[in-house]
Amino acid sequence: MPIIIILFVAFFVAVLACGHEAIAKGLLEFTEMATRFIGAALLLTFGIVALFWSVELLKHSHTRPIVRTETAFIIAYLLGSIPFGLLLTKFAGLGDIRKVGSGNIGATNVLRTGNRELAGLTLMLDMLKGVVAVVLAETIHPWLGPVAALVAMLGHMYPVWLAFKGGKGVATAIGVISALSWPIGLAVITLWLLVAWLFGYSSLAAIISIGFSPLFAYLLKRPDLIWMTVAAVFLIVFRHRDNIERLIEGKEPKIGKEKTTTRKRRKNGD
């Protein structure tokens with residue numbers, strides 16, 4: 001079963017990279033439906049688990065592990081939801097990053113301000129918060145790491161502080177994957193750099209590099225991370241659906257080619 005999922009993800013990413021418009025749009029629609037289904041399933045699961053934990057808290061006094069588990073997920077979400085791109089650009093006197101370019105809070109949009117150092121710092125901090133979320137969760141129990149990884153990604157994508165309008169989650173995804181397995185993280189980063197250098201598109205580099213993370217997990221003998229990385233792929237693709245449409249149409253801006261100080265109507269980048 002894992003290898004079937006990996007092959008599907010690899011095929012999906014390959015189709016997007018080759019630009020077969022009809023097939024890519026069909027797969028994109030399927031991914032949106034699958035992501036919504038996965039999201040609904042996760043919400044239902046978390047609801048049932050939360051109800052179970054609440055009952056256990058009322059019935060027993062020896063529930064400290066349960067409390068620590070809930071705390072790990074809350075901390076992972078709060079860490080993931082820190083909008084470093086927004087905070088750094090404000091502190092640097094560059095205004096509200098949400099009014100620049102795509103209006104996104106990620107490093108790619110920070111780069112559109114023309115400040116490469118600030119964009120680099122945003123990238124590192126967005127990765128670091130993912131690393132910290134996973135490390136803290138794994139101090140409680142190893143199995144919490146992959147779950148906290150996804151929660152941190154969701155925190156970045158849908159931060160409560162910004163009315164659930166966050167970034168695309170690429171840097172945070174790389175951070176959590178690296179924390180779970182540094183060889184897989186290194187492979188993802190290397191592939192991202194290679195694709196970005198060859199094609200010049202941040203979004204394409206993100207989709208392909210994260211898209212192959214389940215395959216890296218399989219090849220590097222980490223089957224315990226396959227499901228987490230597959231879920232990460234669906235989240236990343238779902239958040240990049242506008243970018244995918246522009247890639248297919250040839251309208252996606254390349255890295256560093258678009259610098260603007262006013263927010264445009266269309267949505268771009270990370």
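Me: Is Lys221 exposed or buried?

Reply: The model shown here is predicted. Lys221 has a relative accessible area of 70%. Anything over 50% counts as exposed, so Lys221 is exposed.

Me: Where does Lys221 lie, and what is its phi?

Reply: Lys221 belongs to the loop between α11 (213-219) and α12. As a general idea, most residues other than glycine have a negative phi. Lys221 has a positive value, near 60°.

Me: What is the phi of Phe164, and where is Phe164 found?

Reply: Phe164 is a residue other than glycine with a positive phi, near 65°. Its place is the loop between α7 (144-157) and α8 (170-180). With a relative accessible area of 48%, Phe164 is partly exposed.

Me: Which residues is Gly85 in contact with, leaving aside its neighbours within four places in sequence?

Reply: With those neighbours left aside, Gly85 is in contact with Ile97, Ile105, Val110 and Thr122. A distance between C-alpha atoms gives another view: those of Gly85 and Gly106 are separated by 5.7 Å, although the two residues are 21 residues apart along the chain.

Me: Is His240, which lies in a loop, buried or exposed?

Reply: His240 counts as buried, because its relative accessibility is 1%. The loop that holds His240 runs between α12 (226-239) and α13 (241-249). Not counting residues up to four places away in sequence, His240 touches Lys168, Val170, Ser203, Ala206 and Ile207.

Me: What is the idea behind a salt bridge, and how many salt bridges are counted here?

Reply: In general, side chains of opposite charge can pair when their charged atoms come close. In this model the count comes to 4 salt bridges. One of them joins the side chains of Arg98 and Asp96, at 3.0 Å from N to O. Arg98 is partly exposed, with a relative accessible area of 29%, whereas Asp96 counts as buried at 17%.

Me: Which residue forms a salt bridge with Arg222, and which with Arg246?

Reply: Arg222 is paired with Asp224, and their closest N and O atoms are 2.8 Å apart. Arg222 counts as partly exposed at 26% relative accessibility, and Asp224 is partly exposed with a relative accessible area of 46%. The partner of Arg246 is Glu252, with the closest N and O atoms 2.9 Å apart. Here Arg246 counts as buried at 9% relative accessibility, and Glu252 counts as buried at 6%.

Me: How are aromatic pairs described, and how many are counted?

Reply: A pair of aromatic rings is described by the distance of the centres and the angle of the planes. The count of aromatic pairs in this model comes to 0.

Me: Over which rings do the charged ends of Arg239 and Arg241 sit?

Reply: The charged end of Arg239 sits over the ring of Tyr158, at 5.2 Å from the ring centre. For Arg241, the ring is that of Phe238, and the charged end sits 4.1 Å from its centre.

Conventions. Residues numbered from 1 in each chain as written. Predicted model: local features only at pLDDT ≥ 70, side-chain atom pairs only at ≥ 80, totals over all residues. Heavy atoms only, no water. Contact = heavy atoms within 4.5 Å. Helix = DSSP H or I, 4+ residues; strand = E, 2+ residues; numbered from the N terminus. Buried < 20%, exposed > 50% of the residue type's maximum accessible area, 1.4 Å probe, protein only. Phe/Tyr/Trp six-rings, centres within 6.5 Å; stacked < 30°, edge-to-face > 60°. Lys NZ or Arg CZ within 6 Å of the ring centre and 35° of its normal.
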